[in-house]
Structure formats: C-alpha cells, structure tokens
Amino acid sequence: MPSDTIDNLLHESRRFPPDPEFAANAVAGPDLYEDARRDRLAFWANQSRELLHWHKPFTRTLDWSNPPFAKWFNDGELNVAYNCLDRHVLAGNGDRVALHWEGEPGDTRTITYAELTADVKRAANLLTSLGIREGDRVAIYLPMIPEAVVAMLAVARIGAIHSVVFGGFSAESLRSRIDDANAKLVITADGGYRKGSVFPLKPAVDAALADGGTDVRKVLVVRRGGNDVDWVEGRDLWWHEELPQVDADHEAKPFAAEHPLYILYTSGTTGKPKGIVHTSGGYLTQAAYTHKYVFDLHPETDVYWCSADVGWVTGHTYVVYGPLANGATQVLYEGTPEYPKPGRWWELIEKYRVSIFYTAPTAIRSFMKQGRQIPQGRDLSSLRVLGSVGEPINPEAWIWYREVIGGNRTPVVDTWWQTETGAIMISALPGVTTLKPGSAQVPLPGISVDVVSDAGVPVGADEGGLLVITEPWPSMLRGIWGDPERYQETYWSKFGDKYFAGDGARRDKDGDIWLMGRVDDVMNVSGHRLSTAEIESALVAHPFVAEAAVVGASDETTGQAVVAFVIIKRSHRDQAAAVDVNAELRSHVARQIGAIARPRDIYIVEELPKTRSGKIMRRLLRDTAEGRPVGDTTTLADTTVMAIITEKLAGGVASSED
C-alpha cells in the first residue's frame, strides 16, 4: 500500500517525549536495548539471574535444537512460589503488603507477604493431603478473591499444574477444560459478587461433574457468597474447615525450569479451546522482567493495580506471577467498575493511592461514555504510569486516558502480547520511549519481531503485513496440551521458522509497530488492506460517537465492504437526531482515512455484543452483517444484545452507500 494512503489511514501525529524528571528516576534506560542487541541470550540469562532465585543455577540459556519446541534455562531448578513469596520474607520484607483486597460489597483484607506465604504453605499441605502430586492438574474456578491467588501459588509450590477457568464460563466450558486436562481436583467457591448480587459458582461445578465421568475426586469450596449449595459427601470439602487441619510449615521443593506451571485455554479457530502450556523458569523470567521495566516498578513505594481477572492470561502474568515475583504491593478487586455507582475504580485508586494502573481499552471507552466529571471528582494524583492491554487502543481513548485519568502527565504504555506469548512483547518503556497514541511502539529489549507479507518477506515502511516473532523468547508457550501437532500447525506452519501471531500490523518510518487487529479483522476492500481498529478509531474520534465496532462483510463489487455498528453518546443524541447521522459519520470516516474506508452501512445501536471480560464479539456482528444466523452467544455478558441488533438490521435501519 502506498505510504501516502497509510498516512491517511493513521495520521496520528501527537507525540509525548519522556518527562526529564521521570526519566531521571526510571528503572529502564536506553542501555537496556544496547545490552540486548549486543548478546540477546546473555541478556536473558542476566535478567533471569538478577530477577529470580535459582535453587540450582542454570548453565544453558536456550536449547533450540528441536524447533519450535524451546527449552529455556533447562538445566536449572527453581520453585515459582518460593520466588513469589518466601524469598521476600527471608529478605526482611515480610511486613510489606502483598495484596490490598477489596470485595464488591466493600469488605476488605490487607495481606502481607508473610501472611500470604503462610496461607500458601498451608494450602500446599492441604493439596498434598488430598493426593495431589507433582504434574497433577488442578482446575481453579474462583472469583477475584485472595484465595484465587493462594490456590494458584499452592498448586505451583508442589509442582502440580493449574488450569484456571474464568468464573463467567458455563458448566459445559468448565467440563471441557476439566476433561482435556484430566484434572483431579477442582477449587471453587459457593459464589462471588457481581453488580450487587451473588453469582453462583459451585452449581456450575456440580453440573460439570454430574455424570461422574471425570478424574475429579475432590472439590474444595471457598465460602464467599453465602449462598446455599448442594453438597456431595466424600467429594466436597470446605476450604476454611480443611486448612486448619494441616501443618503450617511447608518447604518449597525446586523443580526443573521446563516443568509445566499452568495450562490456560484460549479460543481456537476450530471451536475447540486450545490448552496453552507455560513452563516455569522462562515464563517467570519474562513475567518479572516485563512487569519491572514496562511499568517502571519501584516495589518499595509503588502501589500497582491490574484490573484483569485471574481467569485470563493478563491476570496470571500481571496480577499473580509478575508482581509477586517482584515483591510489589498491589490492589485486587472483586467487582465491576460501575457498582454500586460509576467511578468505583477511581474511588479505589484514591483510597489505596495506586501509582500504576493497567486496564483494557474497552473499559477506558466505557469511562469516556460516562463522562470525565466522574474521575475528576476523585484525587488520582498518585498515578504515575498507565497501561493498556487486550486490543489496540484508539488514539482518542489513549489521549483521554492520559489527560483525564493521568492528569495530562503520566506515560501510557500500550502493550501487545497474547496468551501464547505469556508476557508483554511490544510496548513503550516509560522514561525512554517517545510515546505515540495508538501505536504499540517497539519490541521490548530481547524480543525480535517483524512485519512480513504473505510470502514471509519483510514489508517496507508504512506497508501493512503480518506480525511475526522471529526468535524464541523465554515466556513462549511450550505447546498445546496433549496436541503437539496442533501447536505446530496453528503457530508455525505458515512461515516455518517464524511464529505467526495472527495479527496484522505495520511498521512506520520510525520503526514503531501499529497493530491492525486480528487477521480476521483486517479487511481487503478493493485490494486495500484496511484495519477495523483504524476505522473504529476514526468513528470514535467524532464527537457524537461513544463506541464503535467495525466488521468486513462480503461485497460483490469490492470483495469486502465496511459495516459499522455505532453507539451515540447520550449527551449528543439530540444533536445527532437533528442531522443525517449516517451520512455525517460516513463523510467523517472518509475525511479521516480516505474514501476507500467509508462504511457501506452504519447501524446505530444501543449496545455492542461483549463477552464477560469486555471484548467485543465482532464475529457475531459479521454473521449479522452477512445475513447468516448468529452463532453461539453464550459467552456474552448480555445475550439479548444480538437479538436486538438482528431485529434492527432486519428492519433496514442503516445508511447504505450510493
């Protein structure tokens, strides 16, 4: 694609160089890049030795003799839980707060590193008493309560493998994961709080295990919701009754660096979830490294908060393993950002003096809809670093995040990574990088990526292509559980010697990476590659628009056509009603990007279909736009949304291109 067209596609020109005072005290410096360039493997070895405690030091950094199956630090031994807990206590930091936990109803717990270590030791002994041994799989199905962190670390401590299942998943989804991993134990809760009421969890476990055809022999139940639950004698055990019966002390045994740490399931194109396997030494190295440098962590003074649920990889790496390996103090919150009223998150930032905040663009855009007066009613001056994760953040949301939440002074790090990569791969480094709103920016020191054509040839500056990772990295997935062939086919078959991330991207003239969304979300309109994220950014930049989702629909003339679903801001509905809003928005996109990107159809809707984790289900919108029956909607937070949208489309409430 010609560079002048790309310039129109993403013409964002605002730049934010590092603040000199921030840079003077930053953890990272330009030398980090130079060290990695000089000797990449030596760089990773040094990071691992500096950041982690090795019971048996490694002498081999990387074994890449059987690609794509990597082995990092594989002659070394360590214990992941020891690295997250015991060593901080032994270093004299036992009184440091590990978790400021806040329940949705307002109940709180403050847990120090010494207290968390004691809880995990008891839980490890409990798991052992229930017959769980090294290599066994344990399914964890819990709300955002401290016991979720304790359970994960206790499983890791004894060398078992956890499979955390997001509490919003159904009994059927839970059962499929239990079966695939052959889990022997399930740790759950009676229920958890969400939007003012208790959502039951144990009933889903009961339903998942109803036919008895699993390897599960025991179910540990945390009392949280206080809701009535059925009880299977001999199988079900109360967490709070069992813990006091086991020994308080537990010695953390070292395990090989390549010992599996966890399985985490992610969606597959075939419909069957993929069990992504991460191991211990390499994963923890990159989790700790990225958490330290991307967020400029000063563990003695910072209060860190990642809003992700532990059921997702962001919760694994940036709620549990990265922060605790680094001895950080963090906030853990059970509920939603708008209960009991909008602004609950800002209330917590003010209360705990949070200095580093990491959340998703979906959440940021929802806050924009509510208006800046809500966060401006709170003291957010403690914030000094903001992060974004989950999908590309459009420039207007990036600017709003920095200005309104960050007081027009904080760096915003937009991070690209995946369940499969295990940790952040592309991001700015605060205090080092000149920030570009909307760009993920540069590979972190030690990471090698490229943007290539379908033939695997690197593309020129400002040309669209496919994002690939060209060298193995410590936290990379080691495979798909029980299916090495699927691992090779899914991630390595397209280019052979490069990991294909499944994302479209471009590298600009400065060498910065701009993500164009999943390949399925990159449209080919009359031979031009157009990013749904770019068109969504253009739409959201219009004063009328609160949120937008764009999909490509089949078109006889152009191959694909742009179809947009738009939510109008409440504050601008009267203005929008006074004009031809569809024509206005189509013209706006044409002005922002070019006529080629002008949507064929624009549908004004009240809500967009989102999963419980806040991601827009563009697949369902694509089904509707192309006139197909809407697929499975069970993972939506509100399953009625698609029925309303489908009805609106059937009524032809849209503007069609002439």
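Around helix H6 (residues 86-93), the cover over the buried residues includes helix H4 (40-51), helix H5 (80-84), helix H7 (113-129), helix H8 (146-157) and H13. Contact here means heavy atoms within 4.5 Å, and helices (H or I, at least four residues) and strands (E, at least two) are DSSP runs numbered from the N terminus. The buried residues of H6 are Asp86, Arg87 and His88. Buried stands for under 20% relative accessible area, exposed for over 50%, and partly exposed for what lies in between (1.4 Å probe, protein chains only).

A word on the model before we go on. This is a predicted model, in which local features need pLDDT of at least 70 and side-chain atom pairs count only at pLDDT 80 or more, while totals for chains, interfaces and linings use all residues. Residues are numbered from 1 along each chain as its sequence is written, and side-chain values use heavy atoms, with hydrogens and water left out.

Let us follow H13 to a helix pair. Helix H12 (residues 281-294) packs against helix H13 (residues 313-325) at an angle of about 85°, and their axes are 8 Å apart. Axes are lines fitted to C-alpha atoms, for helices over the stretch in contact, and angles run from 0 to 180 degrees between N-to-C directions. H12 is therefore roughly perpendicular to H13, on a scale where angles under 35 degrees count as roughly parallel, over 145 as roughly antiparallel, 65 to 115 as roughly perpendicular and the rest as oblique. H12 brings Tyr283, Leu284, Ala287, Ala288, Thr290 and His291 to the contact, and H13 brings His316, Thr317, Tyr318, Tyr321, Gly322, Pro323 and Ala325. These residues divide into eight nonpolar, five polar and no charged. In this scheme Ala, Val, Leu, Ile, Met, Phe, Trp, Tyr, Cys and Pro count as nonpolar, Asp, Glu, Lys and Arg as charged, and the others, Gly among them, as polar.

Now to a set of strands. Strand S8 (residues 185-189) is mostly covered, with five of its five residues buried. In a regular strand the side chains alternate between the two faces of the sheet. Both faces of S8 are covered, with Leu185, Ile187 and Ala189 buried on one side and Val186 and Thr188 on the other. Strand S6 (residues 137-141) runs parallel to S8 and is joined to it by four bridges; two strands pair if DSSP finds at least two bridges between them. In this pairing, alanine 139 stands opposite valine 186. Five bridges join S8 to strand S11 (residues 218-222), again in parallel, and leucine 185 stands opposite lysine 218 there.

Charged pairs come next. Side chains of opposite charge can pair when their charged atoms come close. The whole structure holds 44 salt bridges, each defined as a side-chain nitrogen of Lys or Arg within 4 Å of a carboxyl oxygen of Asp or Glu. Aspartate 236 and arginine 235 form one, with their closest N and O atoms 2.7 Å apart, and both residues are buried.

Another salt bridge links glutamate 347 to arginine 378, with the closest N and O atoms at 3.7 Å. Glutamate 347 lies in helix H14 (residues 344-352) and arginine 378 in the loop between helix H16 (373-376) and strand S19 (385-388), so the pair ties together parts 31 residues apart in sequence. Glutamate 347 is partly exposed at 24% relative accessibility, and arginine 378 is partly exposed at 29%. H14 also has buried residues, namely Arg344, Trp345, Trp346, Leu348, Ile349 and Tyr352. Just after this helix, arginine 353 takes a positive phi of about 55°.

Aspartate 462 sits in the loop between strand S21 (449-452) and strand S22 (464-469), while arginine 506 is in strand S24 (residues 499-507), 44 residues apart. Aspartate 462 is buried, with a relative accessible area of 2%, and arginine 506 is buried at 2%.

Four strands form an open, antiparallel sheet in the order S21-S22-S24-S25. S21 and strand S25 (513-518) stand at the edges with a single partner strand each, so one side of each is left without a neighbour in the sheet. Neighbouring strands are turned by 45° against each other on average, direction ignored. Four bridges join S24 to S25, and arginine 506 stands opposite tryptophan 514 in S25. Methionine 516 is also found in S25, and is buried, with a relative accessible area of 1%.
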